[in-house]
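Could you walk me through this structure in the viewer, one selection at a time? I would like to know what to click on next and what I will find there.

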Amino acid sequence: MSRTEQRRLYRSTDDRILAGVCGGLAEHLDIDVRAIRVAFVVLAFVGGTGLILYAAFWAIVPQRPDVGAPARPVRGGHRRRPDRNDLIALCLLAGGVVLLVRQLGLWLGGAFVWPLLAAAVGVAIIWRQADESQRARWAASARAPLTERPARVVAIRVAAGVVLVGVGIVWLLATQDGLGAATRGLLAVLAAVVGLGLITGPWWWRLARDLADERRARVRAQERAELAAHLHDSVLQTLALIQAKAGQPREVQRLARAQERELRTWLFARPQADGDGTLARAVEAAAAEVEDLHATSIDVVAVGDAPLDDRLTAVVAAAREAMVNASKFAGVERVQVFVEVDGERVTVFVRDRGVGFDPAMVDADRRGVSESIVGRMRRHGGSAVVRSSPGDGTEVELNMTRASS
Amino acid sequence: MSGKPSVFIVDDHHLFRSGVRAELGDSVEVVGDADEVAAAVELITERKPDVVLVDVHMPDGGGRAVIEAVSTTDPSIRFLAISVSDAAEDVISVIRAGARGYVTKTISGPELADAIGRVAEGDAVFSPRLAGFVLDAFAGAEAPVVDPDLDQLTNREREVLRLIARGYAYKEIARQLEISIKTVETHVSAVLRKLQLSSRHELTRWAADRRLT
């Protein structure tokens, strides 16, 4: 089963020299990786843009989570090499920066630059380590044994990073001896804080990310629980009722229809059709009531809408009466209702494909019906037409002009 | 079109597929079914049915994905969308993808067979609610009319849609308007074309506003 995977930019774990930024970009953009590397190098000489860009990608773009990726080369030889390359690349990068800075005439003196450089390399090693541990976690969760990087190596690398950073900072302070003793204390504190921040930075960053992930997972779990509770309270109960009443088709139909209505309201977050507000809502509420009482299914289609007033309330009442008649006498299970508000004109049609009757033959027992529909509409300044013939269903048409306001 | 139309069913609910097969009975020839998009596309292009009955809601893109994938290679295969939902945005997205009709799953067996036959002959099938939606979408003067041929309905088309919304079958509409059934079909097909091609972006906005469910 293929799932369309959303293409995201990742840093490559296989094709990498430093952090896999170029490899990832090449894969994402489908361009030769060498071209991208050359571009970065060239950019690096344009005021260091390439370096800044690379650092930004490194920080923002996540590593590819290679959980269960089948097309991965065998661990071992291929995987070791990048690590050695890393060191070389880091040294080259550092050398390049030094040369660049010198070239630009920004040389602040060896006493300042070399300690800073040592600290920077230390920080780079530590930050890269954070990436490794992240990758190790994925590998561990994907049932692969965590053999590729023994804990000892991790410890050594972190220690080396810390030492480098420390040496760099101490060195920097030591060479700035000419400064007053007062500023020295301040500098020492500042250096300690910055150093700590640099060393623990990656972990803070990952921690914040993990927390956000966890929060998202919790929200999802909550939604799921809510959904389960709702399904249990409504749908399962109704299904149980339906099984119990399997012998009574009308009752089953009524239950199913009511449940469907309830579920739709819930799913599509529609305000409960309680009848107040607008014409369309009121007709839908009336239809729901009649459905419940008479176990029919009534489809309401509304085009346009209008706020309820006295006249429209009368229209709703007449429409309801027509729906009741269709449900009671037509002998069919489906009734179609169409409500249209077109400017000042309001029209409602209630139609069934049932047995029908001859309007000319309407006798005393049907009087109530014609009174409650036709009479009501007329009293409120509208009109009603009942069209029917035996065997051809019935349609009630209600017309009303909206009160001009 | 001679004989029974051949039908392919795409729906991820097993119960529904077997239900439809039973409901349709002998009125059509069911040539296969599928429960997911990729398999559906493959089987449909292989078996070339007249009509594909396709569920709107499925994983991996739903009916829309099937329609788009098949119609690039086999434009002659026609689609009838079926759904439990009447949400306007769903309806509109499959119609605009190329479905020639839209019905809800509560439709009765004979009505469904009738709708399939109509789609097989190249006509359009509108449910009452779809008709109501189209009337709503093309109503009013708020939306800019870029192309009057596409962005507006004629009076006759409006009349036909109103009757569909009132629950009239094509035959009944023809009698009511004193025109032939063929003419009714022509009107409905014209509306379908406008619905598919009109750039009236109101269509989707209305869908959200009206929340037709």
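In what order do the five strands of the open sheet in chain B lie? Keep in mind that this is a predicted model, then colour the strands: the order reads S2-S1-S3-S4-S5, and the pairing is parallel.

Next, select strand S1 (residues 6–10) of chain B. Parallel to it runs strand S3 (residues 51–55) of chain B, joined to S1 by four bridges. To see one of these pairings, pick Val7(B), whose bridge partner in S3(B) is Val51(B).

Now bring in the helices. Helix H3 (residues 62–73) of chain B packs on the sheet and touches S1, S3 and strand S4 (78–83) of chain B; the direction of H3 makes about 150 degrees with that of S3(B). Helix H5 (residues 109–120) of chain B also packs on the sheet, with S1, S3, S4 and S5 of chain B as the strands it touches, and its direction makes about 150 degrees with that of S4(B).

Go back to S1(B) and show its surroundings. Four of its five residues are buried, so this strand is largely enclosed by the rest of the structure. Five bridges link S1(B) to S2(B), again in the parallel sense; select Val10(B) and you can find its bridge partner in S2(B), Ala34(B).

Finally, trace the chain from S1(B) through helix H1 (residues 14–24) of chain B to S2(B): this β-α-β crossover is right-handed.

Definitions and conventions
Residues are numbered from 1 along each chain as its sequence is written. Chains are lettered from A and ligands numbered from 1 in the order in which they are written. This is a predicted model: local features need pLDDT of at least 70, side-chain atom pairs count only at pLDDT 80 or more; totals for chains, interfaces and linings use all residues. Two strands pair if DSSP finds at least two bridges between them. Helices (H or I, at least four residues) and strands (E, at least two) are DSSP runs, numbered from the N terminus. Two residues are in contact if their C-beta atoms, placed from the backbone, lie within 7 Å. Axes are lines fitted to C-alpha atoms, for helices over the stretch in contact, and angles run from 0 to 180 degrees between N-to-C directions. A residue is buried if 20 or more other C-beta atoms lie within 10 Å of its own, exposed if 12 or fewer, and partly exposed in between; C-beta atoms are placed from the backbone. A crossover is right-handed if, with the strands pointing away from the viewer, the path from the first strand over the helix to the second runs clockwise.
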